[in-house]
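Open the model in your viewer and keep the selection panel at hand. The stops below say what to select and what is found there.

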Amino acid sequence: MEFDLIVRNGIIVTASEILQPGLDIGITDGKIACIGVSLPASAKTHIIDAEGAYVTPGGVDSHVHLAQRNAPTGDGWETGSRSAIAGGTTTIIAFASQQKSDISLYPVLEDYDKKAKDQSYADYGFHFILTNPTREILRDELPVMASEHGITSVKLYMTYEAMKLNDREVLNILFACKNLGMTTMIHAESHDMISMIIEGLERNKNTEPYFHAVARPRIAEDEASYRAISLAELADAPMLIVHMSSEVAVSHVREAQTRLLPIHAETCPHYLFLLSEEIKGKPHDHFSGAKHVCSPPLRHSPADLESLWQSVANGTFTTFSSDHAPSKYDHPGGKQLGMVDGIPRFTKIPNGLPGVETRVPLLFSRTPACLPAEKAKLSLPRFVQLTASNPAKLYGLGGRKGSIAPGFDADLVIWHPGNTGAVTISQGLMHHDIDYTPFEGIEVGNWPRYTILRGQVVWDESKGVVGSMGYGQYLKRGKGEVLTGKTGHLPRGMIEDERKYWL
Ligand code: DUC
Ligand code: ZN
Ligand code: ZN
Ligand code: ZN
């Protein structure tokens, strides 16, 4: 067999094991052809020496906002996907966002498709954000989106005036998606709690960025998460709660998983590495806290962080995504929208942080590859599950993305923590089109030496981005795999499947 590329002598890490050092990965036509000892090279074979290096699957970031209509100063596809590959992510799943006035998803898809086409450095797919789930969309359009276009997941919001759905609408979607084998992602925060608190904060003129965290207390996430789980239980539908930040909310997920319900949870780098203190900004510039405004907000105490790290380690979280949803800080159409006639107004600050580039290195930095075992927060296989293999399986890319095995796309990240060592995250290192990183100053134990997408080196730490715009391919996704629990449950309290009487 002749190989286009051989990655020699690395330590291959998959979702289940760390293979013995010294194995070669043989790559042909962008796919992993085989793994073996001393694979033969021909004259045309390119060799990457990975002796002493860890080789992990290319990152799959399943929660990324690019070129979204409601974020005019965010990243577009060129800069956002460039930023992804520079940080070891080879696949991104972004959102095509329906507005309430859109009565069909076809023009929405066309619009978002156009923005991504020939613009991406990384392979990519879409989830739909549904804000107006009409009967026609659920009955006639979603099946076509799944079978023809490979869009097999949707995201819903329980909050935000312009996007929120009521519980009945959430149920309609859960039933429709369950029947199609689609995955429902949900933003769970109690809209009524939040809107009442905001009214009071504004009445009392408490409008600086920090009050964003006051307006969205943990209990708003806890209540909505439990409610979302209950709706999914009634529908017997798989669901993933996105960007979870609260210990209690996560404990609701854990409890549901213990009952084998197909409930998944996602967390993000900012909830594991940052606290609400950041939203206070600088002593002489409180508004700079706007850089850290996201929803759910950063939480208050180190205990919050610690409990989330435990759920990272113990398997409660299925995915670890960036929720890259940035806006420029020093721009009148970005975070400065929250400064109105010289008065800070936290409700006007666009929500969200950049993070597609830092996600994988941040989590890798907390594995035993970079820390003494007793200080590490998660194992290397767990790192692979969270950053690559689980999102690939959950969102219908299993068998193609997220692992290192024959037949998979040759999407790899090569790390040399021993040789090249620590890196301090700073805006100067980033490849996004945003003017700050919220992770400024955090040290990570290593940065990807190479990122490889379908057998092509697209990031080389010594040269920078060497991939090209447009190399990224659109991914038609299949049905997702349920990785937690299984369907076929009776909601608690039913002794027979009473749904047959009303479905
Ligand atoms: N939800 C997201 O998923 N991203 C940014 C802000 C939000 O509310
Ligand atoms: Zn959200
Ligand atoms: Zn102030
Ligand atoms: Zn998001």
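Begin with the shell around ligand 1, whose residues divide into three nonpolar, five polar and one charged. In these classes Ala, Val, Leu, Ile, Met, Phe, Trp, Tyr, Cys and Pro count as nonpolar, Asp, Glu, Lys and Arg as charged, and the others, Gly among them, as polar. To see the shell, select His187, Val242, His243, Cys294, Ser295, Asp323, Ala325, Asn351 and Gly352, which surround the ligand. A residue is near a molecule or strand if its C-beta atom, placed from the backbone, lies within 6 Å of it.

The model is predicted: local features need pLDDT of at least 70 and side-chain atom pairs count only at pLDDT 80 or more, while totals for chains, interfaces and linings use all residues. Residues are numbered from 1 along each chain as its sequence is written, and chains are lettered from A and ligands numbered from 1 in the order in which they are written.

Stay with Ser295 and look at the peptide bond from Ser295 to Pro296, which is cis, with omega near -10°. Most peptide bonds are trans. Pro296 sits in the loop between helix H9 (269-273) and helix H10 (302-314). Helices (H or I, at least four residues) and strands (E, at least two) are DSSP runs, numbered from the N terminus.

Now return to His187, which lies in S10 and stands opposite Tyr157. Select strand S9 (residues 153-157) and strand S10 (residues 183-187): the two pair in the parallel sense over five bridges. Two strands pair if DSSP finds at least two bridges between them.

Next, show the whole sheet. The sheet is open, with eight strands in the order S6-S7-S8-S9-S10-S11-S12-S13 and parallel pairing. Which strands stand at the edges? They are S6 (59-64) and S13 (319-320), each with a single partner strand, so one side of each has no neighbour in the sheet.

Move on to the helices. Select helix H3 (residues 135-149) and helix H4 (residues 167-180), whose axes come within 10 Å and cross at roughly 40°. Axes are lines fitted to C-alpha atoms, for helices over the stretch in contact, and angles run from 0 to 180 degrees between N-to-C directions. H3 and H4 are therefore oblique to each other; angles under 35 degrees count as roughly parallel, over 145 as roughly antiparallel, 65 to 115 as roughly perpendicular and the rest as oblique. In the contact, Leu138, Leu142, Pro143 and Ala146 of H3 meet Asn172, Ile173, Ala176 and Leu180 of H4. Residues are in contact if their C-beta atoms, placed from the backbone, lie within 7 Å. By class, this contact of H3 with H4 has seven nonpolar, one polar and no charged residues.

Asp167, Val170, Leu171, Leu174, Phe175 and Lys178 of H4 make the contact with Arg227, Leu231, Ala232, Leu234 and Ala235 of H7. The residues of this contact of H4 with H7 divide into eight nonpolar, no polar and three charged.

For the last stop, go to Ser38, in the loop between strand S3 (31-36) and strand S4 (46-49). Ser38 has a positive phi of about 50° although it is not a glycine.

Note on methods: Contact = placed C-beta atoms within 7 Å.
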